[in-house]
Amino acid sequence: MTIVKQEKIVLLEGQLQKEEEATLIEQTMGEISDKFRGIELAVIYPEKNNMDVLKRLRFDIARLLVGNRQGFTIVGPASIVKRIKQNPGSIELLTQEKRRRK
Amino acid sequence: MSIQLWFSSFFRNIFRNKNNVKLGLYGPPNAGKSTLANRICKDWSDQEMSIVSNVPHETREILIKEQISIKNKKGKTLSFSLVDTPGIATKIDYEDFMKRGLKEGIAKKRAKEATKGVIESIKWLDSMDAVAVVLDATEDPYSQVNITIVGNLQARNIPVLIVANKVDLKKAKINKLMDAFPQYTIIGISAKYGTHMDEFYEGLFKVVG
């Protein structure tokens, strides 16, 4: 959150757990001020549906051993990231020019 | 699922009082949660419960309507307390409210209250016995907020009914919502005009009953 508040976009290896996503939203709401307007968040989940049984088993074992490092998470300040558009097969991150504050 | 969530779900199911079911209306801002809450109340109790407007974050506090009883065609009754929640968002910009005609001071106050509302909504997730996730059928269903709400309910083992609201509008694309959440029952309604409400109530019986 500290990095995001410095108007930087954070790309994290691995996906947030669902409850972590909710906690991040709670924390963001607690930080909102006249200057900080919130975040844009996208969590990219690995496509498990296309895996065969063996691949899925290997995927689950790897997740148990090294944690949830599949997929990735993007968090950016709402002042810079206008929108993160997710489709099942692609992701688009639209930025906007920083607005001048009075 | 984390151990904490598993325990919370386990104890909720054990101590769930069938006569005091809490049905939550969750979703992003301006999806029509309060319009649906009013529609349910008008259909079954002749009273409205929430104020609705076109300005996002109109509902900034949890609102509860106790003991609503609905009946289906087979004569079965379902009683629940209806919980209308503030819309969940990842950003709240007071300037967006100013663009809607609010003065700066009021817009800032509304933004502050809206942030508290989002936190309240998330905290109340654990208290729900079932949830109707209200989504705007004219909007992109793949937003992270939608995914986070549905994912958190799934992680807590809370039964979910997805409501595709605003199907009266030409831009509504219920098929896109079905593609985004294939594992859930999705019911297209217009809370404003009361379209397909019978299907919605039948869906509630399946999910909550």
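Student: How many residues has α2(B), and how far does α2(B) reach?
Tutor: α2(B) has 13 residues and spans 17 Å from first C-alpha to last. That is close to the 18 Å expected at 1.5 Å a residue; the expected span is 1.5 Å times one less than the number of residues. Helices (H or I, at least four residues) and strands (E, at least two) are DSSP runs, numbered from the N terminus.

Student: What are the ground rules here?
Tutor: This is a predicted model: local features need pLDDT of at least 70, side-chain atom pairs count only at pLDDT 80 or more, and totals for chains, interfaces and linings use all residues. Residues are numbered from 1 along each chain as its sequence is written, with chains lettered from A and ligands numbered from 1 in the order in which they are written.

Student: Which residues of α2(B) are buried?
Tutor: Lys33(B), Ser34(B), Thr35(B), Leu36(B), Ala37(B), Asn38(B), Arg39(B) and Ile40(B). Buried means that 20 or more other C-beta atoms, placed from the backbone, lie within 10 Å of the residue's own.

Student: And what covers the buried residues of α2(B)?
Tutor: The cover includes β1, β2, β3, β4, β5 and α7 (197–208) of chain B.

Student: What follows α2(B)?
Tutor: Asp46(B), with a positive phi near 65°.

Student: Now the sheet. What is the strand order in chain B?
Tutor: Six strands form an open sheet in the order β2-β3-β1-β4-β5-β6, with mixed pairing. Two strands pair if DSSP finds at least two bridges between them. β2 (63–71) and β6 (186–188) of chain B are the edge strands, each pairing on one side only. On average, neighbouring strands are turned by 25° against each other, direction ignored.

Student: Which helices pack on it?
Tutor: α2(B), residues 33–45, touches β1 (21–26), β2, β3, β4 (130–136) and β5 (160–165) of chain B. Its direction makes about 50° with that of β2(B). α5(B) also packs on the sheet, touching β1, β4 and β5 of chain B, at about 170° to β4(B). Axes are lines fitted to C-alpha atoms, for helices over the stretch in contact, and angles run from 0 to 180 degrees between N-to-C directions.

Student: How do β2(B) and β3(B) run, parallel or antiparallel?
Tutor: Antiparallel, with seven bridges between β2(B) and β3(B), residues 77–84. Ile70(B) stands opposite Leu78(B), and Leu63(B) has Asp84(B) as its bridge partner.

Student: What does Ile162(B) touch?
Tutor: Beyond its neighbours within four places in sequence, Ile162(B) contacts Val133(B), Leu135(B), Leu177(B), Phe181(B), Tyr184(B), Thr185(B) and Ile186(B). Contact means C-beta atoms, placed from the backbone, within 7 Å.

Student: Last topic: the A–B contact. How many residues does each chain give?
Tutor: Chain B gives 18 residues and chain A gives 23. On the chain B side, α4 (104–124) and α5 (144–155) each supply at least two. α5(B) gives the most, with five residues.

Student: What about chain A itself, which helices and strands has it?
Tutor: Chain A has three helices and five strands, in the pattern α-β-α-β-α-β-β-β along the sequence. Of its 102 residues, 26% count as buried.

How values were computed: Two residues are in contact if their C-beta atoms, placed from the backbone, lie within 7 Å. A residue is buried if 20 or more other C-beta atoms lie within 10 Å of its own, exposed if 12 or fewer, and partly exposed in between; C-beta atoms are placed from the backbone.
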